[in-house]
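Hello,

Please find the structure we talked about just below. Have a look at it first, then read my notes.

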Amino acid sequence: MAKRIMSLVIMVVGLLLSISQGGARVEIDPALVPKSFLSGKDWRELSNGEQQAYAVGVVDGLDLASAYRK
């Protein structure tokens, strides 16, 4: 049951990442953003394929993080 719920959560997150290229803007101090993540400006400069690959990587990272949960 827990695996099914986790799979559903990952699928929903992936779907939201794939459609969330809207115009929402949030101000954040760049010093607080980990260097491993892209900024919104960098994201918009990526091709569609690169954006999809990045989103897949984020979802894979979330999936892997749950495996390391204590």
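**What I found**

Start with Gln52, which sits in helix α3. Gln52 is exposed, because its relative accessible area is 55% and the cut-off for exposed is over 50%.

One caution before you go on. This is a predicted model. The average pLDDT of the protein chain is 77, and 81% of the residues score at least 70. Where pLDDT is low, the predicted coordinates should not be read in detail.

**The overall picture**

Read from the N terminus, the order is α-α-α. Helix α1 covers residues 2–19. Helix α2 covers residues 40–45, and helix α3 covers residues 48–67.

The chain has 70 residues, and 7% of them count as buried. Its accessible surface comes to about 6300 Å². Carbon and sulfur atoms account for 63% of that surface.

Next, look at Val13. Val13 is in helix α1. Is Val13 buried, exposed or partly exposed? Its relative accessible area is 27%, so Val13 is partly exposed: the value falls between the 20% and 50% cut-offs. Setting aside neighbours within four places in sequence, Val13 is in contact with Val59 and Leu62. Ala55 is 42 residues from Val13 in sequence, and their C-alpha atoms are 9.4 Å apart.

Now find Asp60 in helix α3. Asp60 has 49% relative accessibility, so Asp60 counts as partly exposed. That value is just a matter of the cut-off, since exposed means over 50%. Gly14 turns up again here: Asp60 and Gly14 are 46 residues apart in sequence, and 9.4 Å apart from C-alpha to C-alpha.

**A nonpolar patch**

Which residues form a nonpolar patch on the surface? They are Leu8, Met11, Val12 and Leu16. Together they have about 390 Å² of accessible area. Leu16 is found in helix α1.

**The aromatic pair**

A search of the whole structure finds 1 aromatic pair. The partners are Trp43 and Tyr54. Their ring centres are 5.7 Å apart and their planes meet at 65°, so the pair is edge-to-face. The reasoning needs one cut-off: planes over 60 degrees apart count as edge-to-face.

How covered are the partners? Trp43 has a relative accessible area of 18%, so Trp43 is buried, as buried means under 20%. Tyr54 has 24% relative accessibility, so Tyr54 counts as partly exposed.

If you open the model, begin with Trp43 and Tyr54, the edge-to-face pair. Then go to Val13 and its contacts with Val59 and Leu62.

Best wishes

Note on methods. Residues are numbered from 1 along each chain as its sequence is written. This is a predicted model: local features need pLDDT of at least 70, side-chain atom pairs count only at pLDDT 80 or more; totals for chains, interfaces and linings use all residues. Side-chain values use heavy atoms; hydrogens and water are left out. Rings of Phe, Tyr and Trp (its six-membered ring) pair if their centres lie within 6.5 Å; planes under 30 degrees apart count as stacked, over 60 as edge-to-face and the rest as tilted. Helices (H or I, at least four residues) and strands (E, at least two) are DSSP runs, numbered from the N terminus. Buried means under 20% relative accessible area, exposed over 50%, partly exposed in between (1.4 Å probe, protein chains only). Patches are made of residues with over 30% relative accessible area and no salt bridge: like charges are joined within 9 Å, nonpolar side chains (Val, Leu, Ile, Met, Phe, Trp, Tyr) within 5 Å. Accessible areas come from the Shrake-Rupley method with a 1.4 Å probe; for residues, only the protein chains shown count as cover. A salt bridge is a side-chain nitrogen of Lys or Arg within 4 Å of a carboxyl oxygen of Asp or Glu. pLDDT is the predictor's confidence in each residue, from 0 to 100. Contact means heavy atoms within 4.5 Å.
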